[in-house]
Protein chains: 4
Amino acid sequence: MRIAVIGGGSSYTPELVKGLLDISEDVRIDEVIFYDIDEEKQKIVVDFVKRLVKDRFKVLISDTFESAVVDAKYVIFQFRPGGLKGRENDEGIPLKYGLIGQETTGVGGFSAALRAFPIIEEYVDTVRKTSNATIINFTNPSGHITEFVRNYLEYEKFIGLCNVPINFIREIAEIFSAELEDVFLKYYGLNHLSFIEKVFVKGEDVTEKVFENLKLRLSNIPDEDFPAWFYDSVRIIVNPYLRYYLMEKKMFKKISSHELRAREVMKIEKELFEKYRTATEIPEELTKRGGSMYSTAAAHLIRDLETDEGKIHIVNTRNNGSIENLPDDYVLEIPCYVRSGRVHTLSQGKGDHFALSFIHAVKMYERLTIEAYLKRSKKLALKALLSHPLGPDVEGAKDLLEEILKANSEHVKLE
Amino acid sequence: MRIAVIGGGSSYTPELVKGLLDISEDVRIDEVIFYDIDEEKQKIVVDFVKRLVKDRFKVLISDTFESAVVDAKYVIFQFRPGGLKGRENDEGIPLKYGLIGQETTGVGGFSAALRAFPIIEEYVDTVRKTSNATIINFTNPSGHITEFVRNYLEYEKFIGLCNVPINFIREIAEIFSAELEDVFLKYYGLNHLSFIEKVFVKGEDVTEKVFENLKLRLSNIPDEDFPAWFYDSVRIIVNPYLRYYLMEKKMFKKISSHELRAREVMKIEKELFEKYRTATEIPEELTKRGGSMYSTAAAHLIRDLETDEGKIHIVNTRNNGSIENLPDDYVLEIPCYVRSGRVHTLSQGKGDHFALSFIHAVKMYERLTIEAYLKRSKKLALKALLSHPLGPDVEGAKDLLEEILKANSEHVKLE
Amino acid sequence: MRIAVIGGGSSYTPELVKGLLDISEDVRIDEVIFYDIDEEKQKIVVDFVKRLVKDRFKVLISDTFESAVVDAKYVIFQFRPGGLKGRENDEGIPLKYGLIGQETTGVGGFSAALRAFPIIEEYVDTVRKTSNATIINFTNPSGHITEFVRNYLEYEKFIGLCNVPINFIREIAEIFSAELEDVFLKYYGLNHLSFIEKVFVKGEDVTEKVFENLKLRLSNIPDEDFPAWFYDSVRIIVNPYLRYYLMEKKMFKKISSHELRAREVMKIEKELFEKYRTATEIPEELTKRGGSMYSTAAAHLIRDLETDEGKIHIVNTRNNGSIENLPDDYVLEIPCYVRSGRVHTLSQGKGDHFALSFIHAVKMYERLTIEAYLKRSKKLALKALLSHPLGPDVEGAKDLLEEILKANSEHVKLE
Amino acid sequence: MRIAVIGGGSSYTPELVKGLLDISEDVRIDEVIFYDIDEEKQKIVVDFVKRLVKDRFKVLISDTFESAVVDAKYVIFQFRPGGLKGRENDEGIPLKYGLIGQETTGVGGFSAALRAFPIIEEYVDTVRKTSNATIINFTNPSGHITEFVRNYLEYEKFIGLCNVPINFIREIAEIFSAELEDVFLKYYGLNHLSFIEKVFVKGEDVTEKVFENLKLRLSNIPDEDFPAWFYDSVRIIVNPYLRYYLMEKKMFKKISSHELRAREVMKIEKELFEKYRTATEIPEELTKRGGSMYSTAAAHLIRDLETDEGKIHIVNTRNNGSIENLPDDYVLEIPCYVRSGRVHTLSQGKGDHFALSFIHAVKMYERLTIEAYLKRSKKLALKALLSHPLGPDVEGAKDLLEEILKANSEHVKLE
């Protein structure tokens, strides 16, 4: 059984491999093969990975994408199209227009998506023609890319993953001194735009307790996060990224007055790669990098796809009835029953109108962006931007788009 | 055949009556009965109306709502809950919070809706128990109220009307030297949040010509309305009210620097009522009042409900398949086939994702507001406000709501 | 404006042409071009047609299907794949297995469909690649073929027509001394499997009167048609073909004891063609042929597609919300608003469960048959036959299919 | 934790209790309380049950339905409205009219349903007003009753159960030497009208092997069951009850030439009750009674509702997206993820058109029957009967209904 990791030179790779080592007792893994366009970074990471793995499975490097995936059963996408330089633009350019340039739900996600689509299209096509492997995607914007692959490229074996759900579950498990598997959620939305209506721990409905806990925490940290009355009113736990929508001005101020996250990450990565050259254990600095539990999410998903136990994972996939009052074909982040290679969505009843308000609006933006890409149309791209709840007004929209396209001209050309 | 007009003291009443006179050759009208809580204004208007009608049908005044509707076949709602004073608050209060207080699609529509719901609930209940008449609604926010009546009060014979569609049709007819009935549209959305994808005149698709016309007009009037590139990009004609969404800052500036529309209207109305005391013809000043062709919309609708010709009207009603990719139960503003008391929606294919982005978001806000009203819940009202695309950020939301509720405490109480 | 008639040698052609002459005052028709594989019959008919037309438009004959349709705006399909000999088999073979071999809703419709599909597929493909004309289809089984073309071949400009709806309307109009256009119906179902829930004449709901009329008629003709209690119980007017479903045994007996309809028609046709050789007016004998008002249905449809009046026609097209509790993609026979080349379905509310029971079952059979054809699979054809409510039991099914396929081996081959 | 068993005097009760004893190690059960209108039979059974239980939980008898359910967490419905005498009529009367009087999917199910509805309505109402317990239903026709309770009485905590799915799973498990939990199915349909498209054992797709096995078995037993070609053609495993639909004549002959199953059961029951008077272990004769593994299905369901493990059970519940091309509100027999009191349906993709043909038709019949009951309308009952695929022709329908209603006049009155 071979797993291909695309974006092997990522600083996350060692943690991912640790996750694979953890499940290698339950699941047979013969080989993990890496591919990255940055061969230098990949070399450093894979050398370190070999020291971690100690022959428990083979560790290989591939020269081409195709040779990496041709014999793989699973392909993990964790590459960053355009690298951190791309992200720097995603975050930086919108700021000049008074907009939040956040890399997924903000306008930054728009340019990130346009950079990603041509590569994703080519890669998915290659997988379809060769191994027909299951693709597990972490490449951002993860939900938007899953919408693209499932509904436009129509490749079914594509699962969008994110570490937000598993981190939320871990947090809940800690509060209630429980295991990850004891936590069960009514959870839905888009990636980084998700909502939690119900929290069960060991079968008990602890939603009210979670609200109290959230409010308690909030009252201790004034001027941070949502005010306590927010949860009293909305009665839904919202993804932290919703702060960009509901406290737009405050968040804009905060972001503008800090160094861009992309630049922070560049520094952290530099340090990390220094450590990786000689490390035999995962350095503590990795936690600063974000992406906590990313490896657990991926490894456990592979484990439960490989076995017949039947476990719940929160992934990005087509709704298919999970949320009754959303169309079947919306790609959503929702709990699924995963068993022996199959991913079944679970019926969760109706979604709350407050949550749906954001989900619908951003889903329409996602589709407009995809349509703009497929037609390589600058005009449609403008239309997509105008529909984004965090996007530009008619004033400014045109200049913003021109600047985004110029900065990304190497990756995508629209006319 | 009796028609009841609720809000008889409105300055629009004479025009409405003129419309009824126009159709009284095709349709038998025996009596028109008026009801208004402002008996003084109504007295002036109805006296004028009697001079207009000259016995072509009976003109009556009712002391109570019930006696007005009990024998009516049609009931026209054109009352303004809270009067122009209410509208002044709707428009003025949000401005203090940096928000557009427009009376339908803006935050002003929120307070207007909360004032309207208890009266609508009571009135619809009375009609249901007595005449079971067809209600034609102009009371604002007209679409929001239709959503309330059709989906929550579940009264079917309720048609929301607005003069935007018929004015658009008139404009098109003028450009192409055609009659109103020669114009056929692919038209959908919410009231004051509608979109036109296709324009046909005498069967010919003139959509491209209309875009050219719009762009031509725009290039002559710099800095007003949407820029020419907007139509190139979006390829949909948008309701003028969409400017509040797509040029929010510019529109806010414009509104803030002018006198409130409510106060302008107060002045116009004062002059109008002076004229009405003695007029025998409709005074020219009425055109300033807005609401142009309002009477044509209502009178033609009644005519075509009363006859078996089968005509198209654009009204607010449940989607029922008209727009394939919107739920059947959304109340939309769409073309319908009207014949002998029945209103059938027409299949129009799929809606554009750009249009759907706004329609979904505002529909969710509408439902949250209705749910807040039905539970008389201040917390849910806050939730509704937060979901409004033109609504407040988390900061400011609470104070805004308190001020709105205080100003409207006479009409609605939430806890 | 050119109209192409495929199956020009049909005995119906003169009546169709008369219909076209009738509308040629309202609609400009330049040429009517005929195509038929039976050149001899076509010669006789077209010669007669020329005498009828007297130069009011050009009458042409085409050697090939392609040259007939390449410049046409409308293409009328009225050919009979396999001719009356084919129909004889359709009706005769099932009888041997104790089954009703009726040519549309019975098992006869199954073999007729399999004969038609390859020709329809080729013809539609040619139209798509050349004129992209609107196709009006009378070829049987008309609804089944429309399902095939709209949902599997995905050609949109295809309208299935039948003379049952217009004959029902005429009958109603006669009873109430009204015009065809005064009659409006809540009508839905499949072709030859349709249901009428409501009848309005000049806007008045006369449904109860129609039931009384039906019952009255029934009580005078004992042992014919449905018993009077049937309408009391079901409260829906059913297509006459429903007798095959609801009085299967009686109808089987009746059919078995008569000459096959195909053979009757052969005789009538022979006489007709004798007359056609010399006729200058349509001979009375044509009425025996069935298909009454067929020409009115087709000609009026073309007239209303060519003009901007906006008229109602009952045609076979995709549901698209017309019947709320049936899927959007079912091809149904329903009233549509026809205007300037566009066909819009009208919302009709929910369908009755009794009607839906038959509609669903036969729609599933239709799709299974189409899938069997597309895969040229004998196994799937057997599956389709087993699902037919009037189809064979497991016993007998295999032999029946073999005999059908053998008799039609010239037209379709399954493996 | 108290479980109430309604129909305590059933011969199945001892087996059910054995199931409860089995799970009592995993789940705390304090009391099981029995209620039956036949106090004598119940006395015999419960005395035997007490000997089986040996104080592992309390065994109680209740005088009234209300006192049985008021403190219960689970209520099991296993009563037979009208007793075996009722069943005798259900099976016997239709035979006189040439119809299969099978007690669930045949016409017998129609009279059984009409007898059950009034009692179910009263019982569910009492549960709703008292304990709001989860009801597990075995009373036949189990799926039809679940449709009634979920969609018309709108009581949500109602789960329809049957032993067909678990027996099929057991059979598969035996063939492949696996455990029950190793078997996973794509399974859907109505109760006794279900279809299995895919069979997985330990994650492996063994569907083809199952077909081979079915065909092998069939070729050894000529003239019994479906012929081998049937599975080749249909490629779906069908519920054994489908033989009544697909081999109607053969099955009718078989049934008519045997003693009625009701009478056989009467004899078996008589013997069983003799044994029960003194038994300390479950007598072997019970296996003849049918209903094998009934207790396992119920007990495992309760265990998995009480724990947080998350297990799959095939139950009758609302579709809610499980089968994409069936409406959300159809009650279906489908696999669900059961965990801590919640039952989530699992997305299973689209259903096969062959299966849907039967499912739709019988679902429409189910709803017509329920509507007839709710309006106590004989006319609507006739309509329901006419829509049943195994039901009467127009000829005979009226007499059949009269005879059914007369035989059941004690239980249900229609006008």
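**Figure 1. In strand β4 of chain D, D:Ile76 is the bridge partner of D:Val5.** Welcome to this structure, which is a predicted model: local features are described where pLDDT is at least 70, side-chain atom pairs count only at pLDDT 80 or more, and totals for chains, interfaces and linings use all residues. Residues are numbered from 1 along each chain as its sequence is written, while chains are lettered from A and ligands numbered from 1 in the order of writing. Strand β4 (residues 74-77) of chain D runs parallel to β1(D), and the two are joined over four bridges (strands pair when DSSP finds at least two bridges between them). Helices (H or I, at least four residues) and strands (E, at least two) are DSSP runs, numbered from the N terminus.

Figure 2. A residue is buried if 20 or more other C-beta atoms lie within 10 Å of its own, exposed if 12 or fewer, and partly exposed in between, with C-beta atoms placed from the backbone. D:Arg2, D:Ala4 and D:Ile6 point one way from β1(D), while D:Ile3 and D:Val5 point the other way. Five parallel bridges link β1(D) to strand β2 (residues 31-35) of chain D, and the residue of β2(D) opposite D:Ile3 is D:Val32. To get from β1(D) to β2(D), the chain passes through helix α1 (residues 13-23) of chain D, making a right-handed β-α-β crossover (with the strands pointing away from the viewer, the path from the first strand over the helix to the second runs clockwise).

Figure 3. The annotation "binding site", from an unreviewed UniProt entry, covers both residues, A:Cys162 and A:His192. They span 31 residues in sequence, yet no two of their C-alpha atoms are more than 8.5 Å apart, so they gather at one spot. UniProt positions follow the numbering used here, feature names are shortened, and annotations may be inferred rather than shown by experiment. A:Cys162 sits in the loop between β6 (158-160) and α7 (164-175) of chain A, and A:Cys162 is buried, with 26 other C-beta atoms within 10 Å. Setting aside residues within four places in sequence, A:Cys162 contacts A:Ser142, A:Asn191 and A:Glu333 (two residues are in contact if their C-beta atoms, placed from the backbone, lie within 7 Å). Look for A:His192 in the loop between β7 (183-190) and β8 (193-201) of chain A. A:His192 is also buried, with 25 other C-beta atoms within 10 Å. Beyond residues up to four places away in sequence, the residues that A:His192 touches include A:Thr104, A:Gly143 and A:Tyr241.

**Figure 4. Chain B meets chain A.** At this interface, 32 residues of chain B are in contact with 32 residues of chain A. On the chain B side, α9 (228-234), α11 (248-257), α14 (353-374), α15 (378-387) and α16 (394-407) each supply at least two residues. Which helix gives the most to the side of chain B that touches chain A? That is α14(B), with 10 residues. The residues on this side of chain B comprise 17 nonpolar (Ala, Val, Leu, Ile, Met, Phe, Trp, Tyr, Cys and Pro), 10 charged (Asp, Glu, Lys and Arg) and five polar (the others, Gly among them). The copies meet through the same surface, because 100% of the interface residues of chain B are also interface residues in chain A.

**Figure 5. The copies can be laid on one another by rotation.** Superposition is by least squares on the C-alpha atoms of residues with pLDDT of at least 70 in both copies. Chain D is likewise superposed on chain A by a rotation of 180 degrees with 0.0 Å of shift along its axis (RMSD 0.0 Å). Among the residues of chain D, D:Gly321 comes closest to that rotation axis, at 1.9 Å (C-alpha). Chains A and C do not touch, and their nearest C-alpha atoms are 14 Å apart.

**Figure 6. C:Pro389 lies in the loop between α15 (378-387) and α16 (394-407) of chain C.** C:Pro389 counts as partly exposed, with 19 C-beta neighbours inside 10 Å. C:Tyr245 is 144 residues away along the chain, and its C-alpha atom is separated from that of C:Pro389 by 7.6 Å. Leaving aside neighbours within four places in sequence, C:Pro389 is in contact with C:Tyr245, C:Ala361, C:Val362 and D:Pro389.
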